[in-house]
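Please open the model in your viewer and keep the sequence panel at hand.

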Amino acid sequence: MIKFNKNQIFIVTGASSGLGEGTALLLNELGATVVGIARNEERLNAMKAKCKYPENMHLEMKDLTENIEELPQYVKELKNKYGKFSGLAYCAGITSLQPLKLLDINDTKKLFDIDYFAPIFMAKGFADKRNNIGEGASAVFISSLAAKSCNRGMISYSGAKAALISSIRCIAKEYANQKIRFNCVSPSDIKTPMQSWIKDILGEEKNPGWSYPMGMGEVNDVANMIIYLLSDKAKWVTAQNYIVDCGVM
């Protein structure tokens, strides 16, 4: 069984809802100290109200796209405040549904900022040896099955998530000799507010991709994979992209 202790400190972005909330709550339940980052203070406080050990749940309000170049410095500031980090779970993200004929450069840049550039620069801050515990530190980034399945209308989203997987592999190989691990998790459709929005637009009956042999995934189906990759149970696992899709691919 995976267990953590309060001296193991993890950053979780997107902690106010969906996969970020589920990951933050599960880490906390398993004994870790969590620094939960999100933009919405009300939802962050609601997340903390659900946690098992509120004294080990710290909240930070932050728009990660506000100044992406300064994210490594932000991670350093968090380290100075809370201590060196054992791990990072980057779960913040947005999606977009635009066919090519309606593709907008500003919308595409906005999506790449939160789904690609922000995680890469958070990785840069986390990888700095002044900010992590060294050997055994682990970072996990949420990509998406969309990076491989490439459905209609998902041009920007699929592109950003595919780019993230490739870049995290490169980073993992840079830091393998320091025994700091970097991996991605690529879920299919999970019961989150973001996925509900897409489902409502595409229509379940018109899109067989919404059908899963074991039913649609729950948040903890993905959070448990993230927890495994953050733990020392996965100490020999790096530069990987784990697909969690109930066998759809």
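A residue counts as buried when its relative accessible area is under 20%, as exposed when it is over 50%, and as partly exposed in between. The model on the screen is a predicted one.

**First stop: Ala 123**

Select Ala 123, which is placed in helix α4. Is Ala 123 buried or exposed? Its relative accessibility is 1%, and therefore Ala 123 counts as buried. Leaving aside neighbours within four places in sequence, the residues in contact with Ala 123 are Leu 88, Phe 141, Ile 171 and Phe 182. Leu 88 is 35 residues away along the chain, and the C-alpha atoms of Ala 123 and Leu 88 are separated by 8.2 Å.

**Second stop: helices α4 and α6**

The crossing of α4 past α6 is right-handed.

Display the side chains where the two helices meet. From α4, the contact is made by Thr 108, Leu 111, Phe 112, Asp 115, Tyr 116, Pro 119, Ile 120, Ala 123 and Ala 127. From α6, the residues of this contact include Tyr 157, Lys 161, Leu 164, Ile 168, Ile 171 and Tyr 175. How many residues of the contact of α4 with α6 are nonpolar, polar and charged? The division is 14 nonpolar, 4 polar and 2 charged.

Select Cys 150, in the loop between α5 (146–149) and α6. Phi of Cys 150 is near 50 degrees, a positive value in a residue other than glycine.

Lys 179 is not a glycine, yet it has a positive phi of about 60 degrees. With a relative accessibility of 49%, Lys 179 counts as partly exposed.

Select strand β7, residues 241–244, and pick out Tyr 242. The relative accessible area of Tyr 242 is 26%, so this residue is partly exposed. Which residues touch Tyr 242, leaving aside neighbours within four places in sequence? They are Cys 184, Val 185, Ser 186, Met 225, Leu 229 and Val 237. Tyr 242 and Cys 184 are 58 residues apart in sequence, and their C-alpha atoms are 6.3 Å apart in space.

Select residues 18–29 for helix α1 and residues 219–230 for helix α8. Their axes come within 9 Å and cross at roughly 55 degrees, which means that α1 is oblique to α8. This crossing is right-handed. On the α1 side, Gly 18, Leu 19, Gly 22, Thr 23, Leu 26 and Leu 27 make the contact; among their partners on α8 are Val 219, Val 222, Ala 223, Ile 226 and Leu 230. The residues of this contact comprise 9 nonpolar, 5 polar and no charged.

**Last stop: Thr 33**

Finish at Thr 33 in strand β2, residues 33–38. Thr 33 is buried, with a relative accessible area of 7%. Where does the side chain of Thr 33 reach? It reaches the backbone oxygen of Lys 6 at 2.5 Å. Not counting residues up to four places away in sequence, Thr 33 touches Asn 5, Lys 6, Gln 8, Ile 9, Phe 10, Asn 56 and His 58.

Note on methods:
Residues are numbered from 1 along each chain as its sequence is written. This is a predicted model: local features need pLDDT of at least 70, side-chain atom pairs count only at pLDDT 80 or more; totals for chains, interfaces and linings use all residues. Side-chain values use heavy atoms; hydrogens and water are left out. A crossing is left-handed if the near helix is turned anticlockwise from the far one by less than a right angle, and right-handed if clockwise. Helices (H or I, at least four residues) and strands (E, at least two) are DSSP runs, numbered from the N terminus. Contact means heavy atoms within 4.5 Å. Ala, Val, Leu, Ile, Met, Phe, Trp, Tyr, Cys and Pro count as nonpolar, Asp, Glu, Lys and Arg as charged, and the others, Gly among them, as polar. Buried means under 20% relative accessible area, exposed over 50%, partly exposed in between (1.4 Å probe, protein chains only). A polar contact is a pair of N or O atoms within 3.5 Å; within protein, one must be able to donate a hydrogen and the other to accept it, and residues adjacent in sequence count only if both atoms are side-chain atoms. Axes are lines fitted to C-alpha atoms, for helices over the stretch in contact, and angles run from 0 to 180 degrees between N-to-C directions. Angles under 35 degrees count as roughly parallel, over 145 as roughly antiparallel, 65 to 115 as roughly perpendicular and the rest as oblique.
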